Amino acid sequence: MASYTRFLGLRYGFSRQRSRFTALVSLASMLGMMLGVASLITVLSVMNGFGGELQGRILALVPHAYVELHPNEQQASADQEVDRTAALSAGLLSHPNILAVAPFVRETVLFSGPYRQQGASLTGVDVEKQSGLTELDEFLLAGTLDDLNTDFTVILGAALARMLGVIPGDEIRIVLPQVSTTPLGLFPRSRLLRVVGLFEVGAQQDALLAYVSLNTANRLLKSGGTRGVQIRTNDLMTAPSLGASLENAISGLGVYRPWSETQGSLFRAIRMEKITVSILLLSVVLVAAFNVVSTLVMAVTEKRRDIAVLRTMGATPIGISKIFLTQGLALALLGVLAGTVVGVLLSIYVADVVDFFEGLFGARIFDPSVYFISRLPSQLMWVDVLVVSVAATLLSVIAAIYPAWRASRIAPAEVLRYE
């Protein structure tokens, strides 16, 4: 008799002697919980997949951090800038979390092609050191980084090259944010560059970035030095927190700017979208959880006579509450367990499921000619699975409390008066 509450709760929940309507409501509650949990886990995994795709593509071309020289130091002589950059690089490399550094020059310029003009960010890089800082060479469709060693050559993003109407081997005019004084007046400085390569990461950078060698950038911009150094750390995620520990190495020469400052707004937006979608889908789980209320209310009404008999046999109000709490939790946990299994399986095989329906209906959800991805990405995170399962269980407990309390308040004398 010590476990009668658990025995009766499970019996009331799964007994075949229930009315058909009560059994139908119980099944609907369990299925609703299963669908809510499964859909929430699957959608979170898909959003994790999209976030991972964006992070892998966008951050492939972005160093983990920069140290930009102060404006007054950018106006120093070329020799002074070289000395400062060398001292800055040596200081940064002495830090245990820094793997590589390299100087860079960056400027916003205007490219002019046969079909149109397009603004872009021109970055001058040290060709020999660039491979240790970014994965640019892994995304090259044509050419190599070594081709930039030839003066006045450029590697363009594939989307930027399409907009400008150029291919490797073509020449393209670059208009710089500087002016030249001529007898006819002031004119913007411009120069022809030869396209020697194309890269494509499948993100917005393909239309915004162009790369030249550091020597070419200095000759184009007449800077004679660098704007700072690019940094690669041993962990991308910890790069934003290294600024304080690098103050001594930087020695006031510049400003530390991690990738989170240049690209962080995009990933914050993705994170906010994930939270918003999670809240919206959690409402589905909430509705399913409160369907347990209907199930238990009907069960309490059905079992009023049994409750009265149990009370006369010595069952306490707390024991009666435990019976119906057990019944509600058994239904909810079965739904949560089934939903977790279905959600995990869908998260793992969602791309294959989408491919099956694409083949069945002859349609493409992600056309490679339109989108940067060809398959639905998914990344299952067990933390999300745990959070969703625990949240669904807690909602079920909260939903079951009131009907169980009402069952404990039933007076045996009133029920058995006319029996």
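Q: Where is His70 placed?
A: In the loop between strand E1 and helix H3 (71-74). Helices (H or I, at least four residues) and strands (E, at least two) are DSSP runs, numbered from the N terminus. The model is predicted, so local features need pLDDT of at least 70 and side-chain atom pairs count only at pLDDT 80 or more, while totals for chains, interfaces and linings use all residues. Residues are numbered from 1 along each chain as its sequence is written, and side-chain values use heavy atoms, with hydrogens and water left out.

Q: Why does His70 count as partly exposed?
A: Because its relative accessible area is 26%. Buried means under 20%, exposed over 50%, and partly exposed in between (1.4 Å probe, protein chains only).

Q: What does His70 touch?
A: Gly252, Leu253, Gly254 and Val255, not counting residues up to four places away in sequence. Contact means heavy atoms within 4.5 Å.

Q: Switching to the core. Which residues have the most contacts inside the largest one?
A: Val67, Leu88, Leu92, Phe199, Tyr211, Ile231 and Tyr256, in a core of 39 residues. A nonpolar core is a set of buried Ala, Val, Leu, Ile, Met, Phe, Trp, Tyr and Cys residues joined through side-chain atoms within 4.5 Å.

Q: What does Val67 touch?
A: Leaving out residues up to four places away in sequence, its contacts include Leu88, Leu92, Phe104, Ile231, Ile250 and Tyr256.

Q: How many aromatic pairs are there?
A: Four. Rings of Phe, Tyr and Trp (its six-membered ring) pair if their centres lie within 6.5 Å; planes under 30 degrees apart count as stacked, over 60 as edge-to-face and the rest as tilted.

Q: What are the numbers for Tyr66 and Phe104?
A: This pair is tilted, at 5.2 Å centre to centre and 55° between the planes. Tyr66 is in strand E1 and Phe104 in strand E2, so the pair ties together parts that are 38 residues apart in sequence. Both residues are buried.

Q: Why is the pair of Phe199 and Tyr211 edge-to-face?
A: Because the planes are at 70°, with ring centres 5.7 Å apart. Phe199 sits in strand E7 and Tyr211 in strand E8, twelve residues apart. Phe199 and Tyr211 are buried.

Q: Is Leu198 buried or exposed?
A: Buried, with a relative accessible area of 13%. Leu198 belongs to strand E7.

Q: What is Leu198 in contact with?
A: Leaving aside neighbours within four places in sequence, its contacts include Phe139, Leu141, Ile155, Ala161 and Pro168. From Leu198 to Ile155 the C-alpha distance is 5.5 Å, across 43 residues in sequence.

Q: Now the whole chain. How many helices and strands?
A: The protein chain has 13 helices and ten strands. Of its 419 residues, 47% count as buried.

Q: How much accessible surface?
A: About 21,400 Å², of which 61% belongs to carbon and sulfur atoms. Accessible areas come from the Shrake-Rupley method with a 1.4 Å probe; for residues, only the protein chains shown count as cover.
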